[in-house]
Amino acid sequence: MTGLADIVARHRRRRAGAAAGGDIIQRIALLLAVLLAAAAILTPLIAPFDPLDQSLISRLRPPAGFDRAGPGHLFGTDELGRDVLSRALYGMRLTLTLAFVGALIGLCLGGTLGVIAGLRRSWLEDAIMALVDMQIAIPFTLVALLVLAVLGSNVTVLVLVLGVAGWEQYARIVRAEVRRLTGQPFIEAARAAGAGTVYIARRHLLPNVVSPLVVQFTLALSNIVILESTLSFLGLGVQPPQPSLGSMVGLGRDYMPTAPWIVLAPAALIVTLTFTVQILGDWLRDRADVRLQER
Amino acid sequence: MTAPNPPILSVKSLRVAFGSTLAVRDLSFDIHRGETLALVGESGSGKSATALSILRLIDREGGRILGGSIRLGARDPVEVTTLPPAELRALRGERIAMVFQEPMTSLNPVMRIGRQIEETLRLHRGLTGAAARKTARAALERVTIPEPERRLDQYPHELSGGLRQRVMIAMALICEPDVLIADEPTTALDVTTQAEILSLLRRLQAEMGMAVLFITHDLGVVGKIADRVVVMKNGCKVEEGRTGDIFAAPRHGYTRELMEATPRLGSGAPEPLAEAPAVLRVSDLVTSYGAGGLFSRSKPVPAVRGVSLTLGRGETLGLVGESGCGKSTLARSIMRLVEPASGEVTLDGEAITGVSQARLKPMRARMQMVFQDPYASLNPRMTIRDVVTEPAFLHGAVNARGRADMAADLLTRVGLPAEAAERYPHQFSGGQRQRICIARALSVGPRIIVADEAVSALDVSNARRITDLMAEIQRRDGVSFLFISHDIAVVERVSHRIAVMYRGKIVETGPTNAVLAAPEHPYTRRLLAAVPRIAQVDRPAPSVALPAPLPA
């Protein structure tokens with residue numbers, strides 16, 4: 001049966017490989033990701049206006065192509081006459097930074113605790129898993145609101161809060177994978193060769209949990225984008241006049257019936273960002289798996 | 001009706017492909033009622049692909065039947081290759097049934113045995129309730145499962161491998177099929193259980209008069225069960241004939257090669273070494289499972305009960321016993337992968353037991369282990385270079401820069417190309433992976449290598465190559481091997497001395513030739529009797545309607 005299994009596995013790999021390189025949606029997502037990343041990095045160079053620059057004369061101008069459109073304001077202006085495109089670009093820059101740093105904090109925190117919980121089957125595991133259960137049981141938005149209300153909202157506090165938001169998912173995934181892997185003979189083989197626990201965790205366990213972690217990272221990234229938007233929408237996230245995608249949607253809410261374009265640009269960016277990140281995650285996972293590579 | 005009587009299953013110029021790889025090329029054979037045909041070949045020869053094609057399950061594995069015909073039935077044969085899906089489903093289980101290799105994974109783990117059998121009955125016979133249960137019970141009785149009533153309410157994990165395979169056979173035979181396909185049904189079992197399953201299959205076949213297509217890589221098993229043999233290589237039939245004829249006079253070179261590789265009991269073991277200073281000494285070792293931890297309420301169960309043995313320099317000690325007798329636990333205790341409860345293990349006079357992990361680490365360089373499953377014992381994410389040099393790296397015998405050179409050297413020593421270093425484990429076959437495992441063990445120049453069922457997962461040809469490699473390494477480097485296996489014939493071929501383990505104890509030990517020639521313990525005798533032998537065709541003359549001689 002092993003011979004057949006080999007052939008079947010090779011066949012599947014080939015199909016998976018074709019999907020990894022040739023999928024049209026993945027190519028579009030890849031292109032979008034490059035464009036978005038470039039836009040975020042080069043924002044100060046490409047933004048047509050200062051995002052904080054008010055001009056009450058040209059307030060609430062619709063996007064180019066409509067009646068009364070202001071000169072140069074491609075996506076129109078908001079209630080204070082600020083350029084929507086420039087604000088959206090700066091907003092995305094901030095949101096992306098928050099999301100990346102936040103997701104990384106969650107990854108490091110949750111990943112480390114997950115490895116410890118998976119390897120040390122003792123009170124330590126019970127304690128970590130109890131924390132995980134608590135984090136799941138308590139609606140995190142409430143906790144975030146409380147922390148931000150007490151400590152006040154600045155970018156540092158915000159990024160820490162966003163980071164802590166997703167750690168429990170990483171911890172659960174990593175712990176389950178580590179427990180599965182420690183039963184595998186190659187871990188025992190490493191132990192028999194004289195490897196210590198830290199070495200095994202670093203060289204044998206981590207590379208094998210990368211795939212699920214990458215997927216979780218991209219999920220967390222989009223979750224954080226949405227959480228940040230929620231907090232900013234509620235007024236506890238990024239403080240005006242500094243723009244973030246969430247706060248733009250939040251502040252633009254009042255003008256929805258008369259000036260929907262204020263909300264439109266940041267909302268479209270939120271959707272595009274989350275979509276791109278998800279597809280990118282699938283692509284990365286396939287790339288990271290050496291077993292999907294051709295013989 | 002006059003002879004020649006028509007075959008019940010007839011395969012003609014079958015061609016099967018996976019993607020662009022041809023797995024079966026132009027294969028033809030017939031099976032008659034009451035006959036057993038063995039399909040023999042090493043892994044990758046297209047045996048399983050053929051079996052799956054007959055059931056048309058091959059599409060689900062990603063393969064395609066390119067051409068040829070598969071006809072089922074003596075009168076009004078059905079063409080299986082063009083059958084519509086609904087009729088195909090009715091045919092599977094009803095007229096053709098299959099038993100798979102892995103009794104562990106072929107049963108649904110969350111369903112009681114009774115429910116699983118009743119499910120088949122409901123699908124094919126429309127039986128439910130008490131009637132189904134009664135029939136299920138009868139099915140278990142037919143395969144002589146003790147306490148059938150209780151088994152019906154048990155889950156698969158509560159049954160041993162042999163019992164599970166019996167359940168699989170009971171399920172396959174429940175609709176009294178015309179043809180039973182058995183795909184390596186005994187490969188995962190140890191010899192004594194294998195002998196029981198084979199005689200069960202023979203008895204059932206005599207009772208029910210079905211045709212059996214028996215797929216195996218083991219010529220010894222063929223001698224026990226098959227009337228005729230088809231030898232396959234690379235998807236082609238290389239030889240076909242009556243079992244006795246093929247064993248007596250193999251015509252094709254590959255068949256001879258296969259017979260050569262098959263371990264034959266009584267073909268002579270290496271003579272015991274005259275002078276072998278003890279390298280490893282195990283005295284009165286006891287290891288228990290279940291003490292403390294998760295199952296702290298249960299009493300500890302001793303798996304190894306007071307074992308003593310010595311292993312001399314340059315010597316191979318064969319450790320045989322059936323699965324569950326404590327062989328692996330003993331190996332893992334010697335390696336200190338589990339903590340023994342009492343007793344002492346010394347390597348070159350230094351105690352391994354009772355020292356701290358830190359003190360133990362330098363000693364690990366002198367003892368290495370090769371595991372059973374070459375698929376799972378290599379980290380799939382590591383390059384072969386890192387895998388092979390890892391023990392040396394851990395013991396500081398090589399720095400990060402020297403690893404590539406060292407890997408190339410080690411790989412050449414085990415007969416693999418040096419370029420293999422940059423590849424990943426999944427890119428190698430089972431036999432090649434086991435070579436990688438040996439290269440890895442050699443990287444630290446160990447005094448002893450514990451090989452725990454190291455060739456059990458390989459087919460005969462590959463197993464032969466691996467044991468030859470071990471013998472060569474022993475001659476060259478003077479390494480001692482503790483060779484653990486359930487297959488006494490393989491053990492005989494490699495071991496200077498042999499130790500027979502039964503229920504956690506060593507019941508007999510001595511020079512291999514002496515022990516096998518005059519076994520003293522009843523268990524050793526039972527073990528020897530169960531080994532399928534290639535020399536003899538001990539299948540009695542078929543009692544059911546003899547198939548007519550094949551037309552030339």
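Predicted model: local features only at pLDDT ≥ 70, side-chain atom pairs only at ≥ 80, totals over all residues.
Which residues does Phe483(B) touch, not counting residues up to four places away in sequence?

**Entry 1. Starting point.** With contact taken as heavy atoms within 4.5 Å, Phe483(B) touches Thr316(B), Leu317(B), Gly318(B), Leu319(B), Ala451(B), Val455(B), Thr467(B), Met470(B), Val490(B), Val491(B) and Val494(B).

Entry 2. I turned to strand E18 (residues 480-485) of chain B; strands (E, at least two residues) and helices (H or I, at least four) are DSSP runs, numbered from the N terminus. Six of the six residues of E18(B) are buried, so this strand is largely enclosed by the rest of the structure. Buried means under 20% relative accessible area, exposed over 50%, and partly exposed in between, with a 1.4 Å probe and protein chains only. Ser480(B), Leu482(B) and Ile484(B) lie on one side of E18(B), and Phe481(B), Phe483(B) and Ser485(B) on the other.

**Entry 3. The sheet.** I then followed the pairing, for which DSSP must find at least two bridges between two strands. The open sheet has six strands in the order E16-E17-E18-E13-E19-E20 (chain B), with mixed pairing. Strand E16 (367-370) and strand E20 (505-511) of chain B each have a single partner strand, so one side of each is left without a neighbour in the sheet. Five parallel bridges join E13(B) to E18(B), and Leu317(B) stands opposite Leu482(B). Five bridges also join E17(B) to E18(B), again parallel; there Leu482(B) is the bridge partner of Val450(B). Between E13(B) and E19(B), which run parallel, I found four bridges, and Leu319(B) faces Ala499(B) in E19(B). Helix H15 (residues 430-442) of chain B packs on the sheet, touching E16 and strand E17 (448-452) of chain B.

**Entry 4. The core.** Which residues touch the most other members of the largest nonpolar core? I found Met92(A), Ile436(B), Ile438(B), Met470(B), Phe483(B) and Ile488(B), in a core of 115 residues. Such a core is a set of buried Ala, Val, Leu, Ile, Met, Phe, Trp, Tyr and Cys residues joined through side-chain atoms within 4.5 Å. Helix H10 (residues 197-233) of chain A gives the most to this core, with 13 residues. Domain 2 (277-290 + 300-366 + 447-467 + 480-531) and domain 3 (374-445) of chain B both contribute residues, so the core lies between them. The domain bounds come from an automatic or database domain assignment.

**Entry 5. A covered helix.** I checked helix H13 (residues 384-394) of chain B and found nine of its 11 residues buried. These pack against partners including helix H9 (185-193) and H10 of chain A. Gly396(B), which follows H13(B), has a positive phi near 70 degrees.

**Entry 6. Confidence.** Last, I looked up pLDDT, the predictor's confidence in each residue, from 0 to 100. The mean for chain B is 85, and 93% of its residues reach 70 or more. Among the elements of chain B, E18 has the highest mean pLDDT (94). Over residues 291-296 of chain B the pLDDT is below 50, and this stretch has two contacts beyond near neighbours in sequence.

Definitions and conventions
Residues numbered from 1 in each chain as written. Chains lettered and ligands numbered in written order. Heavy atoms only, no water. Axes fitted to C-alpha atoms, helices over the stretch in contact; angles between N-to-C directions.
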